[in-house]
Amino acid sequence: MKFITTVYFIFLSLNFLHAQKREEKTNVVFILADDLGYMDLGCYGSSFYETPNLDALAKDGMRFTRAYAAAPVCSPTRASILTGKYPLRTGITDYINSNGSNQPENWKRNTLLLPAPNVFNLSLDELTLAEAVKRAGYKTFFAGKWHLGNAGSYPEDHGFEINMGGYTAGQPASYFSPYSNPRLKDGPKGEYLPERLSNETANFIRQNKDVPFFIYHSMYLAHTPLRAKVEIIAKYEKKAKGLNLKDDFGTEGKYKVRLNQTLPVYAAMVEALDDAVGTIINSLKKNGLYEKTLIVFTSDNGGLSTSEGSPTSNVPLRAGKGWLYEGGIREPLLVRLPGVTKAGSVNASLISSPDFYPTILDALRIPLISSQHYDGRSFFSLLKGRTKMSRDLYWHYPQYGNQGGTPSSCIMKRDWKLIRWYERPSDSAYELYNLRDDVTEKHDVSKKFVSKTRKMRLELDAFLKNAAALYPQTNPRYKQE
């Protein structure tokens with residue numbers, strides 16, 4: 001009888017351990033860079049910037065070559081990631097400016113059109129990604145840049161239990177303490193913000209290693225102001241001199257565009273960004289969680305190349321932040337899901353910002369909420385080894401960027417990309433590019449492929465109508481120069 005009881009106890013124990021293992025939840029670390037261009041990492045082709053931690057993540061996970069931000073500027077993309085929708089469905093189609101200077105009623109610039117209205121706050125009616133995983137038992141943590149609204153629409157109002165530094169501002173008042181940040185206590189004078197935030201994230205990992213967590217580490221790097229540690233800047237000044245690098249500029253419309261990567265202070269900021277990623281990954285490893293954590297790294301828009309010092313180059317991609325050309329929207333995307341992604345794998349499927357919401361839920365085995373992530377498509381099957389995912393992508397940017405971009409919309413079908421420019425007359429409003437043959441977007445073939453242009457135009461119009469898009473309107477105060 002005692003033997004039978006012992007065997008039965010062992011059987012129950014094994015079943016309990018098996019069930020416990022089966023129900024063990026995967027953690028999530030989502031890292032979002034700011035203004036980081038597609039060409040800014042070593043694993044994507046940069047020979048000047050040094051990014052060993054992100055290069056190692058690429059070797060250990062999956063690297064995507066056709067991943068796109070949902071907008072060419074920050075706030076719309078950030079809204080898209082957290083809602084699973086294209087920006088126009090959230091009403092946030094431009095960066096959120098608390099003084100309203102980019103709203104049509106306050107517009108002071110002498111432009112042909114007035115920008116479309118832009119919502120000031122991410123709606124509390126949205127069930128954000130953070131709220132979705134929190135409902136499934138995850139502890140939620142936010143660190144860094146928010147830029148999705150004023151008080152009442154901060155991270156803690158959208159599902160994040162801990163908010164470390166996220167508030168209204170789109171850029172830091174200072175990269176060195178004191179920070180003048182109402183959601184982040186100052187550190188020792190001169191403390192560097194990227195180090196502080198990555199250390200806070202690492203501490204959260206250590207303190208919560210026994211519970212499932214969702215971390216949204218939203219960097220301020222590499223957004224202006226251009227600030228970095230003087231010794232790291234000096235390192236890249238020496239490197240640029242040793243390589244005999246000289247600044248090279250071209251033109252994009254009326255704007256000067258950087259054609260090569262040579263700026264030491266920006267290189268130092270990219271290195272700091274990479275160091276921050278290393279701090280977070282090392283914390284996962286130290287606490288035995290690296291093999292239990294989904295890691296996603298991407299950026300919110302293309303590299304800044306046509307204004308504010310033009311700190312980086314996206315060549316061979318055209319233009320940069322604020323434009324719907326490839327330089328403004330194509331992003332680095334690295335994903336590692338233990339036991340799923342193949343180390344060193346590369347995928348060329350079209351991915352966009354709203355796709356993160358359903359993909360993360362899919363990976364965590366949380367029921368998908370199709371009524372919420374209206375535009376997002378799960379690419380979990382790609383992480384498991386499927387080579388292709390067929391779909392179209394759309395953009396609607398009815399705004400004037402501070403970097404030279406003008407109101408525009410776009411549709412992408414595999415290698416074909418059609419851009420509509422709203423300032424132009426109807427007979428010259430469209431540009432068509434074949435990105436397989438012309439990734440630089442130098443050769444508009446809309447007049448050569450008239451039927452394809454027309455077909456894609458109709459599909460773009462249908463999407464915008466379905467999404468109740470708002471459009472730029474004629475500016476009655478415009479004066480021709």
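Author: Leaving aside neighbours within four places in sequence, Thr90 is in contact with Ala79, Thr83, Lys85, Val119 and Glu126. These contacts belong to a predicted model. Thr90 itself is found in helix α4, which comprises residues 87–90. With a relative accessibility of 11%, Thr90 counts as buried, because the cut-off for that term is 20%.

Residues up to four places away in sequence aside, Asn208 touches Lys139 and Phe213. Phe380, by contrast, is 172 residues from Asn208 in sequence and 26 Å from it in space, C-alpha to C-alpha.

The helix α6 deserves attention next. Among the buried residues of α6 are Leu193, Leu197, Ala202, Phe204 and Ile205, together with Arg196 and Glu200. The elements that cover the buried residues of α6 include β4 (139–144), β5 (162–164), β6 and α8.

Helix α8 also receives the buried residues of α7, which pack against α8 at residues 264–286. Helix α7 runs over residues 230–242 and reaches 18 Å from its first C-alpha to its last, close to the 18 Å expected for its 13 residues. Its residues Ile233, Tyr236 and Ala240 are buried. These three cover an arc of only 65° around the axis, which puts them on the same side of α7. The face turned away from that buried side carries the exposed residues Lys238, Lys241 and Gly242.

A further partner of α8 is α2 (residues 52–60): the two helices pack at an angle of about 55°, with their axes 7 Å apart. They are therefore oblique to each other. On the α2 side, Pro52, Asn53, Leu54 and Leu57 take part, and they meet Leu273, Asp274, Asp275, Val277, Gly278 and Ile281 in α8.

Some features of the backbone remain. Most residues other than glycine have a negative phi, and most peptide bonds are trans. Asp35 has a positive phi, near 65°; this residue is in the loop between β1 (27–33) and α2, and a relative accessibility of 1% makes it buried. Glu308 likewise has a positive phi, near 50°, and is in the loop between β9 (293–299) and α9 (326–329). With a relative accessible area of 39%, Glu308 is partly exposed. Just after α7, Asn244 takes a positive phi of about 55°.

One joins Ser177 and Pro178, with omega about 5°, and Pro178 is situated in the loop between β5 and α6. Another joins Thr224 and Pro225, again with omega about 5°, and Pro225 has its place in the loop between β6 and α7.

Finally, a word on confidence: the chain averages a pLDDT of 94, and 95% of the residues score at least 70. Over residues 1–22, however, the pLDDT is below 50, and this stretch has zero contacts in the model beyond near neighbours in sequence.

Key: Residues numbered from 1 in each chain as written. Predicted model: local features only at pLDDT ≥ 70, side-chain atom pairs only at ≥ 80, totals over all residues. Heavy atoms only, no water. Helix = DSSP H or I, 4+ residues; strand = E, 2+ residues; numbered from the N terminus. Expected span 1.5 Å × (residues − 1). Buried < 20%, exposed > 50% of the residue type's maximum accessible area, 1.4 Å probe, protein only. Arc of directions from axis to C-beta. Contact = heavy atoms within 4.5 Å. pLDDT = per-residue confidence, 0-100. Axes fitted to C-alpha atoms, helices over the stretch in contact; angles between N-to-C directions. Parallel < 35°, antiparallel > 145°, perpendicular 65-115°, else oblique.
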